[in-house]
Amino acid sequence: MTTDGPTIPGVTDAPAGTAPPAEVPPVVEFRNVTKRFGDLTVIRNVTFTVPDLPNKGEFIAILGPSGCGKSTVLRLIAGLRPHHPASEGTVLVQSKPVGEPGSDRSMVFQDYTSFDNRTVEDNVAFGLECRGVGAKERRERARQWIAKVGLNVDRDAQKYPSQLSGGMRQRVAIARTLILSPRIILMDEPFGALDPTTRLNMQSLLVDLWREAQATVFFVTHSIEEAVYLGDRVYVFSSAPGTILREMALPAPHLPPKEMQREPEFVERCFDIRDTIDKLEASTRAGDD
Amino acid sequence: MTIPSRYSSLMELRHQTPQPLRSLAGVFTVGLVLLVWWFVTRGSIAEDRMLSPALLPSPGEVVRSFGSLWTERALLASIAASLQRVLIGFGLAIVVGVPAGVVAASWRLFEAGSAPFVLFGRNVPMAALIPLTMMWFGIDETQKVLFIFIACVPFVFSDTTSAVASVPDRYVETAQTLGASELQIVGKVLVPLAMPEIYNGLRHLFGLAFGYIMLAEVVNAEHGLGRLLMDSQRRSIPQHVILILLIVSLLAYGIDRLLLWFQRGLFPYRTVDA
């Protein structure tokens, strides 16, 4: 979807219907996807294609107000019921219809979902344990990842989740996901419950980790700043029923979030998106009447 | 008359009484009961007492009768016999009820199928099961153990089911997207996360099972606290009746504390209030 907004440097509307190279199938493709629960339509006619870029994943920020069906998009990719399967349309992951959930599409939730009975180390190693990786290798790799997400291996590895702060729990959740090298990472407002400072720290951690992970990340948020900072591409969703209002490409973050948020271009981009949302929401509402 | 303001808050609605005042209040009421008990049973000549010793022996008489209960009436053998029955019967209920409860909570069709039986088992008066168990299992030890098993298993099953069912879906979804299979989710996520709740439920149910020994030992028990209690009444030894009641409650309380202590060691990541 394209819009004729004011031209801001660094913001380019992505070309409509981005055609992927013929031989590489797109990572994720939504074709006219609609999901209904009874009379309630949560998302309507959502269409997008995320191409598979060689040796590089994209960071897709899905931005929209609460209850606009952003999470539904993630759960359709993950194959989680009751949102999966879609009522209409097709959801394709690497050209195949989505089946049962799996570790190739790993999800990080907003709620803290660390397993209470496991130490940090055993939480991080959970996926490897399910794959049948031996105890010694599991432990080694878990410890590497504990360090990578900025936790102290000696101090934190043997702690239980109840002894951790919210930010630390989300670090564990990220390590637990990335250790499996998933092709697609689904993040459902993972920093939504954190205080502002922790949130910014987690954003820059995520950027650092994602650069080497080479995964395609779908990151749901209702914070415009977060979407603009993290996203290579932002899908702006309207509220219920959710549909894509606008799709735009953004430059990759080159500074930590605190500094980046002071840059005039950054501020301008955020205002541009806010104006777009206001304008399009208003026109959609008018069109509905 | 006005109460000083620092004490007036003690009578506020739902106000939490601070320690050590809390313990003190308990000691006070027990002391009060003992005092009344002593008062209505005072005097060495039975006819002069306000209450006849046949109805209520004095506190001193009850305490002094401990010796004869211990030696002549083999208190320890009765405690051992009762505990053995409860442990075996309740142990069987755990071995059957917990796995079945986990299965029912994981694959809900089984729960739906078992619902009528759980409803029956939880609501049938326990004493009503005595004739049935005697009909099926005779009047020996088997009947006593299986009576406790049958009485407890519906509760163990349904408590386990609700403990497993109350693990939030988020954990299951997280495990799914980390690549766990169905069986792995049950074994590595649902059961461990529900375990503190299951254990806590079992601890409470053990108290219930312990209460059933009275019913189990009505017929043909050589030893047992229930048997001892009924004999004391038949043989008109009121001191022993009172004493056994106290011992049974203290024993149940002691076991509960022991299980709670284990609970804290078993699940260090979960703090449980007493």
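Predicted model: local features only at pLDDT ≥ 70, side-chain atom pairs only at ≥ 80, totals over all residues.

Reply: The centres of domain 1 of chain A and domain 2 of chain A, taken over C-alpha atoms, are 27 Å apart. Local features need pLDDT of at least 70 and side-chain atom pairs pLDDT 80 or more, while totals for chains, interfaces and linings use all residues. Residues are numbered from 1 along each chain as its sequence is written, and chains are lettered from A in the order in which they are written.

Me: What makes these stretches domain 1 and domain 2 of chain A?
Reply: The bounds come from an automatic or database domain assignment. That assignment gives 56-86 + 195-289 as domain 1 and 114-182 as domain 2.

Me: How many residues of domain 1 of chain A are in contact with domain 2 of chain A?
Reply: Six, against eight residues of domain 2 of chain A. Contact means C-beta atoms, placed from the backbone, within 7 Å. On the domain 1 side, five are nonpolar, one is polar and none is charged. Nonpolar covers Ala, Val, Leu, Ile, Met, Phe, Trp, Tyr, Cys and Pro; charged covers Asp, Glu, Lys and Arg; the others, Gly among them, are polar.

Me: Which element gives the largest share of the side of chain A that touches chain B?
Reply: In total, 22 residues of chain A are in contact with 15 residues of chain B. The largest share, four residues, comes from α3(A).

Notes. Contact = placed C-beta atoms within 7 Å. Helix = DSSP H or I, 4+ residues; strand = E, 2+ residues; numbered from the N terminus.
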